[in-house]
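Trainee: I would like to learn how to read features off a model. Can we work through one together?

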Amino acid sequence: MSTENPRGPSPGHPALIPPADALRPVRHPDAPAPGELLGTHYDHCFGCGGAQPHGLHLQARAGDGVSITAEFTVQAAHQGAPGLAHGGVLTSALDETLGSLNWLLRTIAVTGRLETDFVRPVPVDTQLFLQAEVTAVAGRKIYSTAVGRIGGPAGPVAVRANALFIEVKVDHFIDNGRQVEIQAAMADPDQIRRVRAFEVNP
Ligand SMILES: CCCCCCCC/C=C\CCCCCCCC(=O)SCCNC(=O)CCNC(=O)[C@H](O)C(C)(C)COP(=O)(O)OP(=O)(O)OC[C@H]1O[C@@H](n2cnc3c(N)ncnc32)[C@H](O)[C@@H]1OP(=O)(O)O
């Protein structure tokens, strides 16, 4: 099995293949500059938030075009088998990295479908180097791919994923989230500022 093709040996489920009329992704003019850290979208996010003691604390950085790099170190709290990362945690890291791409499009989107290939086991204390890019956009559908390497940014592939994100309005969160967290988020000026930046999406 090839471990170098970020899309993997097969394109995956048909829903992950962009339609013929899909467009190339366009980096938003106000997207963070290449090399800039994105910061967290929500402090209590399991993937990127600072307020989650056992979260991934994943740090994503804007790349060129509509691409992202991110790192996270597997903690003891992330084990599945003894001394090895849980597959769901690795998928969470891919989900978070792929979700961060939407910052470069300035689009609010949620994961519709996510397929992960687990290529190599990832021990606790290992740093996972993730790279992700948007490959196509069709209406509200955002197609993307990611790869996670170990041993360095150019090391062997440990995981890879293909995903479909779906654009949503901020009401998706307000209507569906538990009220206690929604009220707290709406009372937090920093949170409101972050969301507003996405709402004026020309
Ligand atoms: C101010 C206070 C508020 C604070 C706000 C904070 C802002 C934070 C900012 C950013 C947060 C980002 C968070 C990132 C976290 C990491 C990413 C995650 O883990 S997200 C969590 C996991 N995902 C879900 O929970 C989705 C659950 N699913 C849904 O809610 C719906 O199913 C949804 C929105 C995905 C689609 O529902 P529809 O009713 O809007 O749209 P339909 O018509 O069903 O789909 C649109 C198109 O997409 C296709 N589609 C939808 N789901 C699909 C799927 N699973 N597979 C294939 N195609 C799918 C459909 O076939 C349709 O395609 P055709 O336009 O007809 O061509």
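This is a predicted model: local features need pLDDT of at least 70, side-chain atom pairs count only at pLDDT 80 or more; totals for chains, interfaces and linings use all residues.

Trainee: Which residues of strand β2 are on the covered face, and which on the uncovered one?

Mentor: In a regular strand, side chains alternate between the two faces of the sheet. In β2 (residues 67-73), Ile68, Ala70 and Phe72 make up the covered face, while Ser67, Thr69, Glu71 and Thr73 make up the uncovered one.

Trainee: In which sense do β1 and β2 pair?

Mentor: Strand β1 (residues 59-62) pairs with β2 in the antiparallel sense, over four bridges. Ala60 is opposite Ala70 in β2. The two strands form a hairpin with four residues between them, and Gly65 in the turn has a positive phi of about 60°.

Trainee: How many bridges join β2 to β4?

Mentor: Seven, and these strands run antiparallel. The bridge partner of Thr73 in β4 is Gln127.

Trainee: What span should helix α1 have?

Mentor: Count 1.5 Å a residue: the 14 residues of α1 (residues 87-100) should span 20 Å, and the end C-alpha atoms are 20 Å apart, so the two agree. Eleven of the 14 residues are buried, including Leu90, Leu94 and Gly99.

Trainee: Which residues are closest to the ligand, and which element supplies the largest share of its shell?

Mentor: Of the 26 residues that surround the ligand, the closest are Ala15, Gly99, Val110, Gly112 and Ile166. β3 supplies the largest share of the shell, four residues. By type, the shell holds 15 nonpolar, six polar and five charged residues.

Technical notes
Residues are numbered from 1 along each chain as its sequence is written. The expected span of a helix is 1.5 Å times one less than its number of residues. A residue is buried if 20 or more other C-beta atoms lie within 10 Å of its own, exposed if 12 or fewer, and partly exposed in between; C-beta atoms are placed from the backbone. A residue is near a molecule or strand if its C-beta atom, placed from the backbone, lies within 6 Å of it. Ala, Val, Leu, Ile, Met, Phe, Trp, Tyr, Cys and Pro count as nonpolar, Asp, Glu, Lys and Arg as charged, and the others, Gly among them, as polar. Two strands pair if DSSP finds at least two bridges between them.
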